[in-house]
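Here is a short report on one protein model. Look over the sequence and the structure first, then read on.

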Amino acid sequence: MKSHAEVVVIGGGIGGCSTLYHLTQEGITDCVLIERDELTSGTTWHSAAQVTNFGGTQTMVGLKSHSIRLYKELAADPEYPINYHQDTGGLRLASKQDHIDGYHHFISLAKGMGVDFELIDAVECKRRHPLISTENLLGALWDPMDGDIDPAQLCQALAQRARKAGAEIYRFNPVVGLVQKPDQSWIVQTKNGDIHCEKIVNAGGYRCNELSAMMGVEHPVASMEHQYMLTEPIAEIETLGFRVPLIRCPTDDFYSRQEKNGLLVGFYEQGCKTWGLDGIDPNFTMALCPDDLDRVVDVMDGAFKRLPCLTEAGIHTIINGPITYTPDGLPLVGPIPGKRNAYCITGLRAGLGEGGGHGWLLAQIIAHGEACYDTWCIDPRRFSRYANVEYTALKAVEDYQNEFRFHMPHEHRPAGRPAKTTPLTETLAEMNAEFGVVNGWERAAFYKPSADFVETHSFRFNNTFKIVADEINAVQNGVGIMEVSGFNRYEITGDNAQDWLDGIVCSRLTRKLGKVGLCYLLNELGNIKGEATIANLADGRIWYGSAAAAEYHDMDWLTKHLPADGSVRLEILTNDYTILVVAGPKSRQVLSKAAPRTDWSKEAFPWLSVRRTFIGNAEAIAMSVSFSGELAWELHIPNAQLRRAFSVLWEAGKGFGMKPFGLYATESMRLEKGYRHWKADLVTEYNPFESALDRFVRLDKSFIGKDALLKMHNTGPRKRFVSMVVDTDLAPAHPGDSIVVDERVVGTVTSAAWGHRVGKNLAMGFVEPEFSAIGTNIGIEIIGRTFPASICEEVLYDPEYQRVRG
C-alpha cells in the first residue's frame with residue numbers, strides 16, 4: 001500500500017468510485033480509494049438504480065446529463081460492457097394543474113441545458129405505457145433518456161478505468177483515524193497502515209458521520225429505510241415486445257420500472273422510518289433491513305390502481321435498505337465547512353442516477369477550485385450549525401413523504417421549524433407574519449391580512465399579490481419596518497486589515513471611517529465568488545456583511561486567505577446581532593423620534609454612512625444603505641436589546657403610519673433597482689463584466705483572480721446579465737426559465753417578480769451578448785407559453801438614486 005498520495009477517497013460506492021475516476025480525468029492520477037469492505041457494499045449494491053435527466057436546477061440537470069453520457073460510454077466499452085437500459089423513457093405523472101405548471105417550468109429549465117422533455121396527455125401516456133390506468137390522470141412529463149443501470153457493474157467499470165489511469169484501490173481496509181497536520185495535509189490511518197495525503201474525500205455513504213467524527217465535524221445526513229419489490233413475470237409485459245417506461249407518481253408515492261419480464265415497484269410511504277441514528281452495526285455490509293410490507297400497504301393501494309396488473313402479480317423479492325438524505329434532499333458535494341483540504345460526496349439519495357455527475361463536479365473542485373457549473377445547490381456549506389443530524393432526520397422524513405412532489409415557489413415545509421429565531425420572531429408572528437426560511441432563520445415573507453389567511457402556492461401570481469403591493473406602497477409613500485435575521489456579519493481588525501481586504505476584493509475599498517461600500521470578491525478563475533458590504537466603523541473596526549446563506553462559505557474563503565502572521569483577525573458576529581430596516585420617505589422622521597440624540601439629516605447622515613446610535617436605550621450600528629431603493633437605514637442591534645429597539649421604533653412610527661414588510665416586497669423592489677441576489681444572479685459561472693458589474697472593478701490594483709479576469713475580458717463575454725420586462729400579468733418567470741429568440745434558447749432567467757412601483761412584470765438573467773442591447777425583443781417561456789419580453793434599463797425605479805439620498 002502507498003504511504004503517500006495527493007488525494008485519498010474514503011468509500012467505495014458510486015460517490016467514491018466516480019470521484020476517483022474523474023480525478024484521473026482532471027489530471028490527478030496520484031490518488032487512492034480506501035474501502036472498509038468490498039466495493040458497492042453499502043447502499044449502492046441494493047439501489048433501484050434509475051437514471052433520469054430530471055432535476056430541479058440547471059446544475060442538477062447538467063450533472064445528470066453528464067452521468068447519462070458517461071454511462072452510455074461505459075456500456076459501449078467492449079473491454080468492460082455494463083448493463084444499462086438507456087432511452088427506455090420515463091413518465092412523471094400529473095393529476096392536477098400545479099403538476100402541469102411545474103412540469104412546464106422544468107421543461108423550460110432543462111431546455112437551457114440542452115435537454116428535451118415533453119409534456120404528454122393521458123391518452124399518450126397510455127399508448128407509451130399500456131399497463132397503466134388513466135383514471136384521474138391529466139398527463140405526464142416525458143423524459144426520453146430515462147433508464148436504469150446495474151449498480152455493481154457501473155462502479156466496477158469506473159474503478160477499472162481509474163486503475164488504468166494510475167489510481168489505486170485498497171479494499172477490506174477500514175479507516176480508523178484521520179489526523180490533520182499543521183501544514184493542512186492529512187494522515188489517513190487504516191487497518192493496513194497510514195497514508196499521508198494532501199487532500200481527503202469523505203465518500204462514506206451512510207457511514208459518513210463515522211468518518212466525519214474522526215475529523216471533529218458532523219454532516220447533516222440521516223438515513224431512511226426504503227422498500228421496493230420485484231414481481232414475478234407479468235403476462236402483459238411478456239407479450240409487449242418493448243420495455244415499458246419508468247413511472248414516478250407524486251400523488252400515489254410510488255415508482256415503477258421493468259425488471260426482466262416483471263416490474264420493480266418502490267414505495268414512499270407516509271409511515272416511513274429512519275435508520276441508523278443510534279449507530280450502525282460494524283458488520284452491516286451487503287446487508288438489508290427486515291422486510292416490512294405492512295408499512296407500505298396504503299401506498300401499494302395507489303400503485304395497484306395505477307397499474308392494475310399488479311393485483312395479479314406475485315412478489316418475487318422484497319428489498320428494504322437504507323438510503324441517505326440531507327435536509328433539502330440534495331447531496332453534499334464539495335468542501336467540508338471549517339476544514340482545509342477536506343471534501344465530501346455524501347447524502348446521495350439518488351446516487352446511481354446522479355453519481356457520475358457528482359464525482360465529475362467534485363473532481364473539478366478539487367483540481368481547479370471550482371466546477372464548470374455553480375455548485376451551490378449541492379455545496380456542503382449551504383447548511384450551518386443548526387442542521388444537525390436530529391434536524392436532518394426530521395427533514396428526511398418530510399422529504400421522503402414528498403419524494404416526487406417538487407417544491408412550489410415560496411414553499412417552505414414545516415419539519416424542523418423553527419430552527420433559528422430571534423427575540424422578535426414571536427412578536428412578528430403575533431402581527432400575522434408568514435415566515436420563510438433563510439439558512440435556518442425564520443424571516444417574515446409577508447404579513448397576512450388575517451390570522452387564518454393561507455397562501456396558495458403557485459407558479460402563477462397568487463393571493464399574496466395585493467398584500468405585497470400594499471406593503472410596498474407603505475414603504476414607497478410612508479415608512480416600513482422589516483427584520484432581517486441571520487445577516488452574515490464578521491468583524492475584521494488588525495493594523496493590516498484594510499490592505500489585506502483590499503487584496504481580497506476587486507472593487508474600490510472605501511477606507512474613510514464612517515463610510516460603507518459594496519464590494520465583490522472573485523475566485524482564482526476570475527469569476528464572481530461573493531458580494532460584501534464593507535462598513536468602516538468610527539473606531540477602526542471593519543464590519544463585513546453578506547447574505548445569510550453565505551455564512552460558512554464566506555468564512556471559508558476569508559480564513560483561507562488570512563495572513564499567516566496573525567496580523568488580521570476575524571470574529572463572527574452573525575448570531576449576536578439582528579438588523580431592523582426602517583425604509584421610506586418618512587424614515588428620517590421616525591428615527592429622529594426614536595433616536596433624538598443622533599442627527600439623521602441628509603447633511604449629517606448621508607447615504608452610505610455608518611454611525612453608532614441609540615434606539616431608545618438600545619445600542620445600534622446604523623448604516624444608511626437601501627435594498628429597496630427608498631430612503632432607508634439598516635439598524636444592527638444586539639439580540640439582547642432587539643425587542644426593546646423594535647418597540648421604540650414601532651411606537652415612534654405610529655404617527656407616521658409605519659407598516660411591517662417582508663421578503664416578497666423586498667424581492668420586488670430590488671428587481672426594480674437592478675440589485676443582485678447572491679447565488680441567484682451572482683454565480684461562479686460568470687465574471688463581473690459579464691455580470692454587468694463593471695463599475696465595481698478596479699483594474700489599477702492587485703486582487704485575487706485579476707489575471708484570469710483580464711484574460712477573459714480580452715476574449716469577450718460568454719453571456720451578459722440583463723434586466724427584462726415581460727408582457728404578461730398571468731405569472732412571473734421563475735429561475736431557470738429559458739429566454740428564447742425564434743424558438744432558440746439564448747439565455748436563462750435568474751430572478752423574477754412583479755415590480756409594483758413600476759407596474760411591470762420583471763425578470764433578470766443572462767443572455768448571449770448579441771441579444772443584450774436595451775430594447776432587444778426576446779421571449780421568455782413561462783408555464784408552457786412563450787411571452788414577449790424586452791431588454792430594459794437595469795434601474796427602472798428612480799434611476800438617478802434621488803430617493804435613497806433623501
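This model is predicted. The count of aromatic pairs in it comes to 33. One of them joins Phe461 and Trp754.

Where do the two partners sit? Phe461 lies in the loop between strand 22 (441–447) and helix 12 (465–477), and Trp754 in strand 36 (residues 744–755), so the pair ties together parts that are 293 residues apart in sequence. Are these residues buried or partly exposed? Phe461 is partly exposed, at a relative accessible area of 22%. Trp754 has 17% relative accessibility and counts as buried, because the cut-off for buried is under 20%.

Rings also gather in a group. Ring pairs link Phe54, Tyr103, Phe106, Phe117, Phe406 and Phe459 into a cluster.

The table lists two cases.

| Charged residue | Ring | Distance to ring centre |
|---|---|---|
| Arg611 | Phe605 | 5.2 Å |
| Lys673 | Tyr801 | 3.9 Å |

Arg611 lies over the face of Phe605. In the other case, the charged end of Lys673 sits over the ring of Tyr801.

Now to a pair of helices. Helix 1 (residues 14–25) packs with helix 5 (residues 151–164). Their axes are 8 Å apart, at an angle of about 30 degrees. The crossing of helix 1 and helix 5 is left-handed.

Which residues make this contact? Helix 1 brings Ile14, Cys17, Ser18, Leu20, Tyr21 and Thr24. Helix 5 brings Leu154, Cys155, Leu158, Arg161 and Ala162.

The last stop is a glycine. Gly517 is placed in strand 25 (residues 516–522). Is Gly517 buried or exposed? Its relative accessible area is 15%, so Gly517 is buried. What is Gly517 in contact with, leaving aside its neighbours within four places in sequence? The partners are Thr510, Ala532, Thr533 and Ile534. Thr533 is 16 residues away from Gly517 along the chain. The C-alpha atoms of Gly517 and Thr533 are separated by 5.8 Å.

Conventions
Residues numbered from 1 in each chain as written. Predicted model: local features only at pLDDT ≥ 70, side-chain atom pairs only at ≥ 80, totals over all residues. Heavy atoms only, no water. Phe/Tyr/Trp six-rings, centres within 6.5 Å; stacked < 30°, edge-to-face > 60°. Helix = DSSP H or I, 4+ residues; strand = E, 2+ residues; numbered from the N terminus. Buried < 20%, exposed > 50% of the residue type's maximum accessible area, 1.4 Å probe, protein only. Lys NZ or Arg CZ within 6 Å of the ring centre and 35° of its normal. Axes fitted to C-alpha atoms, helices over the stretch in contact; angles between N-to-C directions. Left-handed = near helix turned anticlockwise from the far one by under 90°. Contact = heavy atoms within 4.5 Å.
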